Amino acid sequence: MADAMEWSLSKVMRIESGEVTISQNDLRPLLAFLGIRDRAVVESLVQSARVSRQRRWWDEARFKNMLTAATKQLIAYEAEATVIRHFYPMFFPGVLQSEAYAQGIMGQYTHELSQKEIEARIQARLRRKAELLQRIPRPKVFTLLDESVLLRTIGVGQRALGEQLAEVSEAIKDGWLVARIHPFDNPHPGIGTFEILYLGSEELAHAVLYRESLTLDEIVDDHSRIKQHRDLWDRMWDAAIDAERSAEMIATRAKELLGADQ
């Protein structure tokens with residue numbers, strides 16, 4: 001592709017990784033080279049390229065070189081997603097985290113990340129949540145959690161966990177978040193954390209998969225691997241406690257913790 005388009009290999013790699021966006025002037029000849037000539041498809045992609053070139057908050061100086069390429073892609077997809085499905089067995093997804101809870105999570109990585117990187121990633125999570133709450137309409141979010149998240153204080157104390165649970169409870173009441181708790185007595189394969197984001201009507205949408213492990217993360221755009229994760233997610237979702245009871249468990253645990261002594 002680099003040879004055909006007379007681009008440098010590094011340019012292609014930066015576009016593919018999401019480090020930079022593609023200009024409209026580069027996109028049109030690229031689509032022609034790839035044999036994509038349907039007018040509606042071309043114009044839709046060109047419009048997406050136009051939007052992607054606008055100033056993005058994650059390009060601000062305080063986040064420069066502080067976020068991974070995959071995280072930047074995730075943020076961009078979150079801004080457009082209509083449906084998001086989470087699987088987080090150990091903690092709440094980053095986009096739902098309170099500041100104290102995010103500090104507890106990121107505090108576990110002081111040996112891998114600098115304090116500046118940790119602070120930038122905490123602030124990025126808070127910004128992601130703020131942007132999600134400002135969207136009209138908000139995406140529909142389905143979050144699958146292990147029962148252990150109701151107990152794990154991640155080193156920040158009971159009150160911080162209680163406040164985190166209370167925020168999640170309010171989101172459930174608002175109607176844009178549906179959560180289910182996977183109970184202790186149901187085994188799960190322990191494959192780590194992931195989320196699937198759908199861009200457009202879910203039945204017809206393009207989907208992307210985001211996976212993370214420790215400080216490593218990646219965006220997966222392979223249909224077979226996304227389907228494999230979605231099939232697993234569906235099985236886990238069906239085996240979990242129903243949404244109404246899960247909401248009750250979260251709200252009850254929040255009240256217990258917020259009334260507890262530090």
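Author: Happy to! First, a helix axis here is a line fitted to C-alpha atoms over the stretch in contact, and angles run from 0 to 180 degrees between N-to-C directions. Keep in mind that this is a predicted model.

With that in hand, look at helix α8, residues 158–174, and helix α10, residues 243–258: their axes come within 8 Å and cross at roughly 145°. The crossing in which α8 passes α10 is left-handed. On the α8 side, the contact is made by Q158, R159, L161, G162, E163, L165, A166, V168, S169 and I172. Facing them from α10 are A247, I250, A251, R253, A254, L257 and L258. Sorted by class, this contact has eleven nonpolar residues, three polar and three charged.

For the surroundings, turn to the sheet. Strands pair through backbone hydrogen bonds, either parallel or antiparallel. Here six strands form an open sheet with mixed pairing, in the order β3-β2-β1-β4-β5-β6. Its edge strands, β3 (177–182) and β6, each pair on one side only, and the twist averages 15° from one strand to the next. Within the sheet, β1 (residues 83–88) and β4 run antiparallel and are joined by five bridges; H86 stands opposite E195 in β4.

Another helix, α9 (residues 223–239), lies across β1, β2, β3, β4, β5 and β6. The angle between α9 and β5 is about 75°.

Key: Residues are numbered from 1 along each chain as its sequence is written. This is a predicted model: local features need pLDDT of at least 70, side-chain atom pairs count only at pLDDT 80 or more; totals for chains, interfaces and linings use all residues. Side-chain values use heavy atoms; hydrogens and water are left out. Helices (H or I, at least four residues) and strands (E, at least two) are DSSP runs, numbered from the N terminus. A crossing is left-handed if the near helix is turned anticlockwise from the far one by less than a right angle, and right-handed if clockwise. Contact means heavy atoms within 4.5 Å. Ala, Val, Leu, Ile, Met, Phe, Trp, Tyr, Cys and Pro count as nonpolar, Asp, Glu, Lys and Arg as charged, and the others, Gly among them, as polar. Two strands pair if DSSP finds at least two bridges between them.
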